[in-house]
Amino acid sequence: MALPHTEFMKRFELLAPLAEKIVDLSADFRLKDLSAYQKWYGVEHSQPAKLAEFVYGNVELHRQEMKQARYISGAGCNATATILGLWPFSSLE
C-alpha cells in the first residue's frame, strides 16, 4: 500500500482481501500500542485490533517474523536510522 497516512486503515476491510501479503508504507500500522499511536500521530485509529497483526518492517530486527507475516508495516526512514544507529548499544549491560 502506498496510500497517504490514515487512508489504508480506513480502507483495510476493502483492500486486505485483495492480496495474500501486504506491506503498508504509511504509518498506519507501525505502532502496536494504540495509545502511543494516538499520541504520536494525533488521530484515532480506525482498526485498533489489526495493529497486533502487523510486523514492523525492519529486516535487521524482524527478518524471521517478516518471512511468516501476512501484514508488514513499512519502517520509517528516520526511525530506521535511529534504531539501527542505537541497536549495537542494546546488548550492553
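This is a predicted model: local features need pLDDT of at least 70, side-chain atom pairs count only at pLDDT 80 or more; totals for chains, interfaces and linings use all residues.
View 1. Leaving aside residues up to four places away in sequence, Leu31 touches Ala36, Tyr37, Trp40, Tyr41 and Leu51. Leu31 sits in the loop that runs between strand 1 (22-24) and helix 2 (34-41). With a relative accessibility of 26%, Leu31 counts as partly exposed, because buried would require a value under 20%. The C-alpha atoms of Leu31 and Phe54 lie 8.8 Å apart in space, while 23 residues separate the two in sequence.

**View 2. Thr6 and its contacts.** Thr6 belongs to the segment before helix 1. Its relative accessibility is 13%, so Thr6 counts as buried. Once residues up to four places away in sequence are set aside, Thr6 touches Asp28, Tyr37 and Val43. Tyr37 is also listed among the contacts of Leu31.

**View 3. The largest nonpolar core.** This core has 11 residues in all: Phe8, Met9, Phe12, Leu15, Ala16, Ile22, Phe29, Tyr37, Leu51, Phe54 and Tyr71. Helix 1 (residues 7-15) supplies four residues, the largest share of the core. In soluble globular proteins, nonpolar side chains tend to be buried together.

**View 4. Tyr71 and its neighbours.** Tyr71 is a member of the largest nonpolar core. With residues up to four places away in sequence not counted, the residues that Tyr71 touches are Phe12, Ala16, Ile22, Glu53, Phe54 and Val55. Phe12, Ala16, Ile22 and Phe54 also belong to the largest nonpolar core.

**View 5. The protein chain as a setting for the close-ups.** The chain contains four helices and three strands, arranged from the N terminus on as α-β-α-β-α-β-α. Its radius of gyration is 14 Å, close to the 12 Å given by the globule rule for 93 residues, so the protein chain is as compact as a globular protein of that length. The C-alpha trace spans about 45 × 30 × 20 Å along its principal axes. Of contacts between residues at least 6 apart in sequence, 39% join residues at least 24 apart.

**View 6. Surface and charge of the protein chain.** Buried residues account for 30% of the 93 residues. The accessible surface comes to about 6100 Å², and 60% of this area belongs to carbon and sulfur atoms. There are 10 positive and 11 negative side chains, with the centres of the two sets 3 Å apart.

Definitions and conventions
Residues are numbered from 1 along each chain as its sequence is written. Side-chain values use heavy atoms; hydrogens and water are left out. A nonpolar core is a set of buried Ala, Val, Leu, Ile, Met, Phe, Trp, Tyr and Cys residues joined through side-chain atoms within 4.5 Å. Buried means under 20% relative accessible area, exposed over 50%, partly exposed in between (1.4 Å probe, protein chains only). Helices (H or I, at least four residues) and strands (E, at least two) are DSSP runs, numbered from the N terminus. Contact means heavy atoms within 4.5 Å. The radius of gyration is taken over C-alpha atoms; the globule rule is 2.2 Å times the number of residues to the power 0.38. Accessible areas come from the Shrake-Rupley method with a 1.4 Å probe; for residues, only the protein chains shown count as cover. Lys and Arg count as positive and Asp and Glu as negative; His and the chain ends are not counted. The place of a charge is taken as NZ of Lys, CZ of Arg, CG of Asp or CD of Glu.
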